[in-house]
Amino acid sequence: MKEGIVGNEKLFHNNGENLHAWFPLSGPFKKGVFFLILLIATFLFTPWSDVSVLSGDSFRRAWSYASTKPPHKKLEYSIICSGGNMTTCPVFTQPVTFEQSNSSSSSSSTETCPEYFRWIYEDLKPWRKTGITREMVEGAKTPAHIRIVAVDGKVYMEKYKWVFQTRDAFTIWGVLQLLRLYPGKLPDFDLMFECGDKPVIKRHDYQGPNASTPPPLFHYCGDDKSYDIAFPDWSFWGWPEIRIKPWTTLKEELKEGNNITKWVNREPYAYWRGNLKMGKVREELSKCTHTNEQDWNARIYNLDWGQETVNQFSTSELSNQCTHKAQEIGKAGSRFVQEELTMKFVYDYMFHLLSEYSKLLKYKPAVPPGAVEVCSETMVCSWKGLQKKYKLQSMVKTPSDMGPCRIPAPYDPAELRDILERRENVVKQVEMLEKNSLENLDGI
């Protein structure tokens, strides 16, 4: 599950440890808890009929959109499901050209990316000096669930093991939408992806004078003790199993829900709700709930997903949770969600991360022997229910008129050190407050 905490770091999927899960919390914590994400990462709801929104044929033509389409004619993607079912992508022969000048330094956008984008450089730092070889990438095959390869505008996937629910499908779907949003602007790439809840590339395994370079592995989360490369959580495009809608719609529902109860009328408590069994941090958090002996002005509730399933998720609608008072934190979190966590910035984060990653590759990506091509048709036409609905609702329908935002420069060493020291000091202050409170409680 994802519960979301907003703060000064990036957001992703969180397992309850000190993670940076991809929902970007801006700031120094590359390791943010994906609490806000749960509270945020859901999807769009609109009735759709069985037809048209994009085809592999029209999608690939879009790769040369910037140079071939007149500015007054905007391309619209379409999808045609032949007989309602497609297992192979439409044949397309037109060559695709990667436009180097339009990559991460695109001149068509003057907008600066949010601060949390700077953590992209930190995530990729382990490979800055060595670059990334094919052997390094394939060294991550054991922990990886899937391999994602993009070559000449086409996307291929090789699956290595069972993935929980539809995480892999919606992750691939998100990559396809990115390529539609910025056709021809991303270079080819080849990456391994882990779809679980906890980081797996541990730093302590790659330390010492004879240590090898860690294998690059993309993941929904990472922490201070791992090298996992944080990537946006799958639920930005939908989590049908628990009825979380696409992010664009959920974000608006959260905004509306936040206005239902005025701050002065809210319960004067900090509030958290989620699965308390997911990690030691959440177990510790459970100690903050009120008891007959002590009230910490916090309300911590365990979320039983089995029971929620029986109740058809009637009490877990994210937009209905805004009834508690932690006003400054709440307002700051709301601003962050509405202003810096737009779907445009989610795609821009993906764009810059994959662009910077591709620069490190020391080989030309090629389609692996066991990989299959994936496209809109194969991911939509054969599916039914919420899986199909959420994909259609979260689908990019036209290429962007503007390029991605401009990523800020990396942190210099002194700046990064200052950020980490400030974070450490805040943690120490909180720990001291906790210690003093417990000592005072024991003295009563």
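Predicted model: local features only at pLDDT ≥ 70, side-chain atom pairs only at ≥ 80, totals over all residues.
## Disulfides

The model has three disulfides. Counting bonded cysteines along the chain, their pattern is 1-5, 2-4, 3-6.

Cys81 and Cys381 are joined with their sulfur atoms 2.0 Å apart. The torsion about this S-S bond of Cys81 and Cys381 is about -80°, so the disulfide is left-handed. Cys81 sits in the loop between helix 3 (65-68) and helix 4 (119-124), and Cys381 in the loop between helix 12 (376-380) and helix 13 (385-393), so the link ties together parts that are 300 residues apart in sequence. Both Cys81 and Cys381 are buried.

Cys89 is bonded to Cys375, with an S to S distance of 2.3 Å. The link of Cys89 and Cys375 is left-handed because the torsion about its S-S bond is about -115°. The pair connects distant parts of the chain, 286 residues apart: Cys89 is in the loop between helix 3 and helix 4, and Cys375 in the loop between strand 10 (372-374) and helix 12. Cys89 has a relative accessible area of 13% and is therefore buried; Cys375, at 1%, also counts as buried.

In the disulfide of Cys113 and Cys405 the sulfur atoms are 2.1 Å apart. This link of Cys113 and Cys405 is right-handed, with 100° about the S-S bond. Cys113 lies in the loop between helix 3 and helix 4, while Cys405 lies in the loop between helix 13 and helix 14 (413-442), so the pair ties together parts that are 292 residues apart in sequence. Cys113 is buried at 5% relative accessibility, and Cys405 is buried at 0%.

## Nonpolar core

The largest nonpolar core comprises 81 residues, and Phe117, Phe193, Phe218 and Trp237 have the most contacts inside it. Helix 11 (residues 343-360) gives the most to this core, contributing eleven residues.

## Helix 7

Helix 7 (residues 247-258) has twelve residues, which at 1.5 Å a residue should span 16 Å; its end C-alpha atoms are 16 Å apart, in agreement. Its buried residues are Trp247, Thr249, Leu250, Lys251, Glu253, Leu254, Gly257 and Asn258. The buried residues of helix 7 pack against helix 10 (327-340) and helix 11.

## Aromatic pairs and cluster

The whole structure contains 18 aromatic pairs. In one of them, the ring centres of Trp162 and Phe164 are 6.2 Å apart and the planes are at 75°, so the pair is edge-to-face. Trp162 is exposed, with a relative accessible area of 64%, whereas Phe164 is partly exposed at 38%.

Tyr206 and Tyr227 also form an edge-to-face aromatic pair, with 6.4 Å centre to centre and 70° between the planes. Tyr206 lies in the loop between strand 4 (189-194) and strand 5 (218-219), and Tyr227 in the loop between strand 6 (221-223) and strand 7 (229-230), so the pair ties together parts that are 21 residues apart in sequence. Tyr206 is partly exposed at 22% relative accessible area; Tyr227 counts as buried at 14%. One aromatic cluster is formed by Phe193, Phe218, Tyr220, Phe231, Trp234, Trp239 and Tyr357.

## Charges over rings

Arg266 lies over the face of Trp263, at 4.0 Å from the ring centre. Lys391 lies over the face of Phe170, at 5.4 Å from the ring centre.

Notes
Residues numbered from 1 in each chain as written. Heavy atoms only, no water. Disulfide = S-S within 2.5 Å. Helix = DSSP H or I, 4+ residues; strand = E, 2+ residues; numbered from the N terminus. Buried < 20%, exposed > 50% of the residue type's maximum accessible area, 1.4 Å probe, protein only. Core = buried A, V, L, I, M, F, W, Y, C linked by side-chain atoms within 4.5 Å. Expected span 1.5 Å × (residues − 1). Contact = heavy atoms within 4.5 Å. Phe/Tyr/Trp six-rings, centres within 6.5 Å; stacked < 30°, edge-to-face > 60°. Lys NZ or Arg CZ within 6 Å of the ring centre and 35° of its normal.
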